[in-house]
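Me: Could you walk me through how to read a helix in a model like this one?
Reply: Gladly, let us look together.

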Amino acid sequence: MGKSRMKKIRTIVAALTWSLFLATIGGGAGVLSREKEQARQAAQVEKPRVALTFDDGPNKKYTPVLLKELEKRGIHASFFLMGKNIPGNEKLVQQMQKEGHLLGNHTYNHVQLDKIPVAQARTEVEKTSNEIYKITGVYPQYIRPPFGAWPKNLDLSVTMFPVLWDVDTLDWKSKNVDCIMKLVCSQVKDGSIILMHDGYQTSVDAAVQIMDELLERGYEFVTVDRLLVL
């Protein structure tokens, strides 16, 4: 074989080797890029979640202020409405639905369901569900039983999912923003359902601080249906 032919073969082999090397580097960069994206997505998925819930509304004075603060932060909450407070506040209920909040049932007169006859308890629930349906066109699936009392025999006549809580702010009792904040910050964890009320200025002020504090801690706020395994 002539020297020129050998030189040509060596040039081709060198070029192929270099091309293979570049391809390997490119492939490795691609793998690293994919791994980085997967890690980023995993971090998002593993973000701790918490649900803010509000009972007894809607309240003509304080609920609009709360809705405005929630919208500012892009946060969706869960509102458990008391039937007797809905008439005259239909626009607020419509706003809640439009802005992506979950609407639940809190009975019509805030009665303890295990202290009254089943037929009366069913009426308390159905009246509120019907009020919500008339405004939104959707029957609520979730109920916050007052005092956390959900009698098992009511399951047979009312097809709804009771939603309890693990962080009770006692905002209706203390009406003190600092007390509410200390309680929440000491008890909140991934998956917590925080119980509040939208009928007091102190509750709205505390809710704002809770949102900002937990967002700073890296929490994601979700509606309760995203936390419950049905």
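Me: Which residues are exposed on the other side of α2?
Reply: Exposed means over 50% relative accessible area, buried under 20%, and partly exposed in between, with a 1.4 Å probe and protein chains only. Here Lys68, Glu71 and Lys72 are exposed. This is a predicted model, where local features need pLDDT of at least 70, side-chain atom pairs count only at pLDDT 80 or more, and totals for chains, interfaces and linings use all residues. Residues are numbered from 1 along each chain as its sequence is written, and side-chain values use heavy atoms, leaving out hydrogens and water.

Me: Which residues of α2 are buried?
Reply: Helix α2 covers residues 63–73, and its buried residues are Thr63, Leu66, Leu67, Glu69 and Leu70. They lie on the same side of α2 because they cover an arc of only 165 degrees around the axis; the arc is taken from the directions from the helix axis to the C-beta atoms.

Me: Why do residues three or four places apart point the same way?
Reply: An α-helix has 3.6 residues a turn, so such residues point the same way.

Me: What do the buried residues of α2 pack against?
Reply: Look for contacts, meaning heavy atoms within 4.5 Å. The partners are β1 (49–55), β2 (78–81), α3 (90–98) and α7 (201–216).

Me: What comes just after α2?
Reply: Gly74, with a positive phi of about 65 degrees.

Me: How many helices and strands does the chain have?
Reply: Helices (H or I, at least four residues) and strands (E, at least two) are DSSP runs, numbered from the N terminus. This chain has 7 helices and 8 strands, and 39% of its 230 residues are buried.
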